[in-house]
Amino acid sequence: MMYKLEKSVVIDRNQDVQWVQGKVAVQGIAMSVYSFYVDGLLIDTGSSSLAQEFQSFFNEVDIQQVALTHGHEDHAGNAGWIQQHKDVPIYINRDSVDVSAKDGEFPFYRKVLWGERPAFVAKPLGDTLQTNQATWDVIATPGHTTDHVAFYNRSTGAMFTGDLYVQTKTKVVMDEENIVHTLASLKHLLNYDFETVYCCHAGFLADGRAKIIEKITYLEELEGNVRNLYDQGYSMKEIAKSIFPRDYPITKVSGEQWSSNHIISAFIKHFSKESLR
């Protein structure tokens, strides 16, 4: 079956941060992804399905190094091209260095949206990054993936959060995401002095700290609702249907790789572990 992928791109900036935003849409599912550039550093590379659009932006800026928040194809899809054409170091969580050296393997629906993730040679991230004008903290923020990191610019106070935020009211997550760990990572960010957030799917958030707090509040309330129903003896599927009654298109399209059930099951596993302590 052939699918027509609709694409568009926007290039914009806020102060010293420039970005390219790519939008893809197919079969009623639409998503955006961002790549950010500041002080010689490119944070995430976008997807290969947007290769032409993003590579045009990459040729307009002076990329000196690349840092990846994690290895998913919509964030690392153009890393191989950059390596071939820019000859600059690419950094990723040390746990993903070996995986990055092989072509990514993803379900069909993700290839339709984001394309392939060709292999590239990455260097392991340390605790900090150094650019021309700033030192950056590399912050472990597992949840969306186990290798996920955020980047904090000590000089400007800007926080680059990859896929940690995305939106306030999370309804579905991937099967590999642990929402309990995501909540803990969001809380951990509040130890840093920031207001501005650059999210790889929501873009520039001037009130980013407030948005992070809103998401924490939402997830804590969600956790409380799940616990209440769990304590009453409801099953995981019953709890999911009660809290998330809507059927989301991505759940069917992805063969349930994306599902509300993954949120509920992660909380229930967390409750179970607590009861064993």
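Colleague: Which residues gather in the patch of negative charge on the surface?
Modeller: Asp193, Glu195, Asp207 and Glu214 do. This is a predicted model, where local features need pLDDT of at least 70, side-chain atom pairs count only at pLDDT 80 or more, and totals for chains, interfaces and linings use all residues. Residues are numbered from 1 along each chain as its sequence is written, and side-chain values use heavy atoms, leaving out hydrogens and water.

Colleague: What counts as a patch?
Modeller: Patch residues have over 30% relative accessible area (Shrake-Rupley, 1.4 Å probe, only the protein chains shown as cover) and no salt bridge, with like charges joined within 9 Å and nonpolar side chains (Val, Leu, Ile, Met, Phe, Trp, Tyr) within 5 Å. Asp and Glu count as negative, Lys and Arg as positive, and His and chain ends are not counted. A charge is placed at NZ of Lys, CZ of Arg, CG of Asp or CD of Glu.

Colleague: Where is glutamate 214?
Modeller: In helix H7, residues 208-231. Helices (H or I, at least four residues) and strands (E, at least two) are DSSP runs, numbered from the N terminus.

Colleague: New topic: how many salt bridges are there?
Modeller: Five, taking a Lys or Arg side-chain nitrogen within 4 Å of an Asp or Glu carboxyl oxygen. One of them joins arginine 154 and aspartate 137, with closest N and O atoms 2.7 Å apart.

Colleague: Is aspartate 137 buried or exposed?
Modeller: Buried, at 13% relative accessible area; buried means under 20%, exposed over 50%, partly exposed in between. Arginine 154 is partly exposed at 46%.

Methods: Buried means under 20% relative accessible area, exposed over 50%, partly exposed in between (1.4 Å probe, protein chains only).
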